Amino acid sequence: MSEKQEMIKVDKLNKSFGDLHVLKDIDMTVTESDVVVLIGASGSGKSTLLRCLNFLEMKNSGKIIIEGEQVEKDTHNLNEIRQRVGMVFQHFNLFPHKTVLGNVIEAPTQVKGLQKEQAILEGKRLLDKVGLADKYNVYPSTLSGGQKQRVAIARALAMKPDVMLFDEPTSALDPELVGEVLTTMKELAEEGMTMVVVTHEMGFAREVGDWVNYMHDGRIVESGKPNDLFDNPKEERTQAFLSSIL
Amino acid sequence: MESLLHFFDVFISSFDVFIDGLWITFKLSVASLIIAFIIGLFFAILKISNIKILEWIADAYIWIVRGTPLIVQIFILFYGLTDILLIPMFWAGVAGLAFHSGAYIAEIIRGAIQSIDKGQREAGSSLGMSKGLTMRRIILPQAFRRAVPSLGNQFIIGIKDSSLVSFIGMQDLFGVASTMGANSFDYLPYFFTVAVYYLLIVLVLTLAVNKIEKKLAASD
Ligand SMILES: Nc1ncnc2c1ncn2[C@@H]1O[C@H](COP(=O)(O)OP(=O)(O)O)[C@@H](O)[C@H]1O
Ligand SMILES: [Mg+2]
């Protein structure tokens with residue numbers, strides 16, 4: 001049996017903003033094809049952790065290893081490593097001056113140098129996949145939140161990343177639009193995409209997640225398989241958090 | 001009534017000469033605003049470079065332009081460039097105007113760049129786009145759209161300010177009006193005439209900017 005690859009390994013990661021110590025000795029491993037869910041109260045450091053994994057924030061100490069490569073802020077191929085780690089933001093961050101298809105083909109053509117025809121072909125395939133076949137040529141401002149987020153997912157997938165990071169992808173959506181985005185993410189997980197997901201959707205975490213980390217005040221205080229962690233949380237703080245949101 | 005007829009008379013009979021002046025004003029404005037735009041973009045990027053020395057250079061430039069009258073800038077550049085560097089008068093005038101507008105355009109572009117949501121930059125980075133590529137493909141196109149009204153306004157100011165080159169002897173619209181007025185000792189009708197020309201230019205430009213704004217709004 002072939003061993004599954006470690007896609008991301010985090011070792012004693014610390015991050016501060018000025019005097020504010022936001023991430024404290026974070027250890028985490030993300031294995032190929034796994035869906036790791038991060039839960040925790042607002043301000044506990046979930047976004048910062050995700051942003052460190054994509055180097056939008058630079059760690060203060062510790063190790064971040066992406067597919068076996070230890071990455072520091074002066075790593076010369078940082079942008080190349082970022083291509084392998086896709087990110088989906090809470091507020092979509094689509095490019096408003098580009099069409100839906102324009103958003104999706106931007107990085108493949110500009111960064112990877114893919115031929116435009118080829119990029120369009122693949123971009124359309126991705127948009128079809130996320131259920132937006134009729135929206136190629138419209139601008140993002142005409143879309144609903146759920147549609148925007150699915151474009152953002154297609155845009156990230158267009159770079160053929162090995163890992164996808166999601167930072168509360170459904171938190172900015174009207175409740176009736178949450179399902180369509182979660183469905184897209186679930187399909188992605190079923191295809192074997194490695195994912196790290198910050199979410200408050202406990203149903204999704206339980207159903208799709210392979211592993212759950214509960215963060216409190218900059219630390220991962222408990223982690224486990226979804227059913228174990230949700231049904232038998234060992235830490236008092238985890239129990240308190242879970243009962244506060246359920 | 002009498003004087004109104006006289007004004008029309010002057011307006012029509014001076015048409016040929018003013019057209020020459022209009023052409024000079026046009027060339028001067030277009031050249032100086034294109035160069036001012038390039039200067040402005042350059043200093044805007046210095047200002048957001050996060051490199052202290054480059055920021056200081058941009059600050060110094062903007063401080064000098066803001067702190068001295070345009071007419072002084074035009075004279076210094078005119079005498080400096082034509083006497084010392086033997087540059088033709090037209091280009092000395094262009095340099096003076098561009099030097100001046102460039103600072104205001106720099107501030108407009110810098111403000112527009114900084115007004116773009118930082119999520120745009122992060123989206124670019126997360127896709128593996130370099131800083132420069134993100135700036136060129138993602139941030140600047142949005143910043144320019146946002147800056148269109150202010151840039152249009154600055155262009156209008158630039159065209160009106162170009163009248164000051166008449167003081168270094170150029171026969172632009174205002175230069176023509178001054179010369180004709182002085183030659184005939186009949187100033188007022190010529191200055192009214194030149195006012196009409198400026199009003200028409202500004203009207204055309206305002207309509208054009210409005211049209212561009214509408215078009216951009218439609219695609220947003
Ligand atoms: N760029 C920043 N500068 C200063 N403080 C920040 C910054 N980003 C996040 N923080 C702080 O770090 C802490 C963790 O934030 P965050 O990672 O966004 O938490 P979460 O995503 O779990 O809500 C918060 O106290 C927040 O105010
Ligand atoms: Mg967050």
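Which residues of chain B does the UniProt annotation "domain: ABC transmembrane type-1" cover? According to that unreviewed entry, the annotation covers residues 22-209 of chain B. The structure is a predicted model, and the values below are computed from it.

**Annotated spans of chain B**

- The span 22-209 of chain B is 85% helix and 0% strand, and its end C-alpha atoms lie 21 Å apart.
- UniProt, again in an unreviewed entry, lists residues 30-48 and 188-209 of chain B under "transmembrane region".
- Residues 188-209 of chain B are 100% helix, with 0% strand, and here the end C-alpha atoms are 31 Å apart.

**Largest pocket**

- The volume of the largest pocket is about 720 Å³.
- Its lining consists of 21 residues, of which Ile48(B), Asn50(B), Arg121(B), Lys131(B) and Met135(B) are the closest to the centre of the pocket.
- Both chains contribute elements with two or more lining residues: helix 2 (78-83) from chain A, and helix 5 (89-115), helix 6 (118-126) and helix 7 (131-161) from chain B.
- Helix 7 of chain B provides the largest share of this lining, namely 6 residues.
- By class, the lining of the largest pocket comprises 7 nonpolar, 8 polar and 6 charged residues.

**Second largest pocket**

- The second largest pocket has a volume of about 270 Å³.
- Its lining includes Leu22(B), Thr25(B), Phe26(B), Ser29(B), Val30(B), Leu33(B) and Ile34(B), and also Phe155(B), Ile159(B), Ile201(B), Val204(B) and Leu205(B).
- At least two lining residues come from each of helix 2 (15-47), helix 7 and helix 9 (187-219) of chain B.
- Helix 2 of chain B gives the most to the lining of this pocket, with 7 residues.
- The lining of the second largest pocket divides into 10 nonpolar and 2 polar residues, with no charged residue.

**Cavities**

- How many cavities of 30 Å³ or more are counted? The count comes to 3.
- The largest cavity has a volume of about 40 Å³.
- Helix 3 (100-110) and helix 4 (116-129) of chain A are the elements that give two or more residues to the lining of the largest cavity.
- Helix 4 of chain A gives the most to this lining, with 4 residues.
- The lining of the largest cavity is made up of Val104(A), Ile105(A), Pro108(A), Leu114(A), Ala119(A), Glu122(A), Gly123(A), Leu126(A) and Ala158(A).
- These lining residues divide into 7 nonpolar, 1 polar and 1 charged.

**Surroundings of ligand 1**

- Ligand 1 is surrounded by residues of chain A, among them Phe17(A), Leu20(A), Val22(A) and Ala41(A).
- The surrounding residues also include Ser42(A), Gly43(A), Ser44(A), Gly45(A), Lys46(A), Ser47(A) and Thr48(A).
- Which atom of Lys46(A) lies 2.8 Å from an oxygen atom of ligand 1? It is a polar side-chain atom of Lys46(A).
- Gly45(A) places a backbone N or O atom 3.0 Å from an oxygen atom of ligand 1.
- For Ser44(A), a polar backbone atom is 3.3 Å from an oxygen atom of ligand 1.

**Strand pairing in chain A**

- Chain A contains an open sheet of 4 strands in the order 2-1-4-5, with antiparallel pairing.
- The edge strands of this sheet are strand 2 (20-31) and strand 5 (69-70) of chain A, each of which pairs on one side only.
- Strand 4 (residues 61-66) and strand 5 of chain A are paired in the antiparallel sense over 2 bridges.
- Ile66(A) has Glu69(A), in strand 5 of chain A, as its bridge partner.
- Strand 9 (residues 211-216) and strand 10 (residues 219-224) of chain A run antiparallel and are joined by 5 bridges.
- Across this pair, Tyr214(A) stands opposite Glu222(A) in strand 10 of chain A.
- Strands 9 and 10 of chain A form a hairpin with 2 residues between them; in the turn, Asp217(A) has a positive phi of about 50°.

Key. Residues are numbered from 1 along each chain as its sequence is written. Chains are lettered from A and ligands numbered from 1 in the order in which they are written. This is a predicted model: local features need pLDDT of at least 70, side-chain atom pairs count only at pLDDT 80 or more; totals for chains, interfaces and linings use all residues. Side-chain values use heavy atoms; hydrogens and water are left out. UniProt positions are given in the numbering used here, feature names are shortened, and annotations may be inferred rather than shown by experiment. Two strands pair if DSSP finds at least two bridges between them. On a 1 Å grid over the protein atoms alone, a cavity is a set of points where a 1.4 Å probe fits but cannot get out, and a pocket is an open set with protein on both sides within 12 Å along at least five of seven lines; lining residues have an atom within 4 Å of a point. Grid points are joined across faces, edges and corners, and a volume is the space filled by probe spheres set on the points. Ala, Val, Leu, Ile, Met, Phe, Trp, Tyr, Cys and Pro count as nonpolar, Asp, Glu, Lys and Arg as charged, and the others, Gly among them, as polar. A residue is near a molecule or strand if one of its heavy atoms lies within 4 Å of it. A polar contact is a pair of N or O atoms within 3.5 Å; within protein, one must be able to donate a hydrogen and the other to accept it, and residues adjacent in sequence count only if both atoms are side-chain atoms.
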